[in-house]
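I opened the model today to look up a few places in it. My notes follow in the order I made them.

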Amino acid sequence: MRHNWWRWLLGLVILLGVSWPAYTWTKANIKTLKSAGRTRMAPVIMVPGSSASQNRFDDLITELGKETPQRHSVLKLTVQTDGKIKYSGSIRQNDNQPFIIVAFADNKDGQANIDKQAVWLNTAFKALVKTYRFNHFRALGHSNGGLIWTLFLERYLKQSPKVRIDRLMTIAAPFNMESTSTTTKTSMFKELYQYRRGLPNGLTAYSIAGTENYTSDGTVPYNSVNFGKYIFQDQVKHFTEITVTGANTAHSDLPQNKQIVSLIRQYLLDETVSSKIRKQNQRQLKN
Amino acid sequence: MSIIKKVAQTLLSWEDWLNKRRYYHALRETLTLLFPFVLIGAFISVFNQACFQKNGFLNQIYRLSHWVPGFSQFGIYTGMLSQTVNGVIAVVAAFAAANFAVRASRRDNLLAGLTAALSFCLLNFDYRNTAKMGQVTASQFLTPNLGSQGIFLALLVGLITGWLFNHLATKPHNHQLIETQHHLLSRAKDNWLPIAVTLVLFSLISYGVSFMSKNGLNGLFYLVFQLPFSNLSGVLIPIFSATLLSNLFWVIGIIGPIDFSGNSSVSTVQNLEYALQHGSAWGAPNPITLHTVFDSFANVGGPGMTLALVIAILWRSRNQDLRTVAKASWFPSLFNFNQPLLVGLPIMFSPILAIPFLLAPLASLIITWTALKLQLMPPVVYPVSRTMPGFLIGWLGTGGDWRALFVSGLNLAVATAIYLPFVLLANQTVERGETYAS
């Protein structure tokens, strides 16, 4: 009986020794969560280029789905000219990294339109934050989508002060529009340059250029993509330019180009990719 | 009373009958043989996941990472141990199952076991990747399937191999204390047919499956078994049936189509956001989810409320075998690792223990659901870790609500009460054994 008595006491002591620190831990944990919570959900928001619909990235998503272990659900938004949003698709439960595609009913090219599209992106973005309550995200922009993102980050992200951007990747974004010159500055570039101080300091940005020949991907001049450095350099934490050459490097093929898909996986999605792909990406970085 | 006795008698005689089936018996023997390895694996898992992981329970509450020297090294080392010991347990299971299946019929058990282990590896070979590379040098095994996830398939492979050996090997095997080369070669000669048939059979199955599933036969299995759990809404019945089905899978060795679903689902995130904004868990938007009900209240000691089983055994059982296993397994069970109990008692493939294993979580679900519906306690909204002792999850996950702790305690008591009669049945076996002996 005496023997048993000791055991009960020991059990009680252990129980208290676990419960009390556990209780203080959970209280402290709640406190830290309250002050600076990073939500578990962190969507990847994609913006297509001009004249492209919300289905622009379907090929890319299929291509990503072939390789990635994680399945991403897809939500597509089209912002109407009056700021109303049409939704299609849904975000699966348990999916912490859904793909959200924001397209615009008016998707024409040109500086005036890009300015408008950045405002629409802001409308959609705020609606998304309100619905899904995420406070960090990753961004992908193809072509003018990259310009829209840049403008949005410079001017409108401030309106959602609790939300931070983890990474931005632009694919063939013509920061100097269709100009092939290394010196002439278009007014689009001037606008992006003017607001560059608004870019979040902690941003990690990747700009990918595709080249069919030595000067362009057939649509966007390499020099125009290269103008991104004047905007991002010294403004953000990391800015990396990557040039992809070879098969399927025409402007519209770029999002589903195999090399770019693997770059997206490694740098934007931050996946653990196989050493083979990593090697291949690294080889490219040396160029 | 007599009805209960009758039911008990029926159950016992049924188990007796089952135990006399050769392959069933081999299955149970295999599980018990695996016990020491699974036990060590569970202890390693506790050290790795509860102590040396960033979100491990003991690390969090004692801030181990701040004062234990070489914390990250320990993390890597125990992680490696866990992956190696737990990572190939299914291969061992395949070996043992075939070994036991042929021993009774005096066939070559060692060769049968080796063949089964090889066959199981063949079955989990990444043909798809190899085919892509165009050469066999870049080959890989589907390593996730070789761990505890693969136990069901491993047992199946072992038993099928055993069956093939029993039917294809013609000569009985003579055990020799000191082996000679001559005898070893004659063993090979006697058994070449079952060895070849087994290997060819499983490699062909594996190759065929590789056209359908990226993760081998096991991946196909899990894909099918996960189907019922893909769309779980916030009502009781789906959670109820999902829990029942999931636990049933555990009993037959298909481990965790729905494991601890964690803090990741959107509903959980929404709950957390709500609670952080309002400073309280009351009125969270999704009070009833798999996480708030099943993870937090019906998973004490692992699936099947197995901590209650440990308590029931240590409290009242006089069966020495049960006591031995329970004494060794209570510690991992505190942190929700119940694999030692599953294979040691064993709960797996045991008709008697399967009943409370399925019923106890359901009782907990009902109690928890009632308490949430009547708003007797707030739902679990704050993050909890997988290794948090089950009976504390409700309390800690609600931010220290005493009513939630009470509900957890009640659940544990009810579960113990459900397990108790079945544990006492085992006492009868002991008494019968004693009367036979005397």
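**A buried ring and its partner**

I looked up Phe232(A) and found that it counts as buried because its relative accessibility is 1%. Buried means under 20% relative accessible area, exposed over 50%, and partly exposed in between, with a 1.4 Å probe and protein chains only. I note that this is a predicted model, where local features need pLDDT of at least 70, side-chain atom pairs count only at pLDDT 80 or more, and totals for chains, interfaces and linings use all residues. Residues are numbered from 1 along each chain as its sequence is written, chains are lettered from A and ligands numbered from 1 in the order in which they are written, and side-chain values use heavy atoms, leaving out hydrogens and water.

I then listed ring pairs (rings of Phe, Tyr and Trp, the last by its six-membered ring, with centres within 6.5 Å; planes under 30 degrees apart are stacked, over 60 edge-to-face, the rest tilted). The count over all chains is 25 aromatic pairs. One of them is the stacked pair of Phe232(A) and Phe239(A), with 5.1 Å from centre to centre and 15° between the planes. I also found a cluster in which ring pairs link Phe125(A), Phe134(A), Phe137(A), Trp149(A) and Phe152(A).

**Chain B**

I counted 20 helices and 0 strands in chain B; these are DSSP runs numbered from the N terminus, helices being H or I of at least four residues and strands E of at least two. Of its 438 residues, 56% count as buried.

Where is His173(B) found? I located His173(B) in the loop between α9 (151–168) and α10 (181–210). His173(B) counts as buried because its relative accessibility is 13%. Leaving aside residues up to four places away in sequence, I found that His173(B) touches Arg106(B), Arg107(B), Asp108(B), Asn109(B), His183(B) and Arg187(B), where contact means heavy atoms within 4.5 Å.

Among contacts in chain B between residues at least 6 apart in sequence, 74% join residues at least 24 apart.

**Two spans from the record**

An unreviewed UniProt entry gives the feature "transmembrane region" for several spans of chain B, including residues 74–98 and 404–426. Such annotations may be inferred rather than shown by experiment. In the model, residues 74–98 of chain B are 88% helix and 0% strand, and their end C-alpha atoms lie 36 Å apart. For residues 404–426 of chain B I noted 100% helix and 0% strand, with the end C-alpha atoms 33 Å apart.
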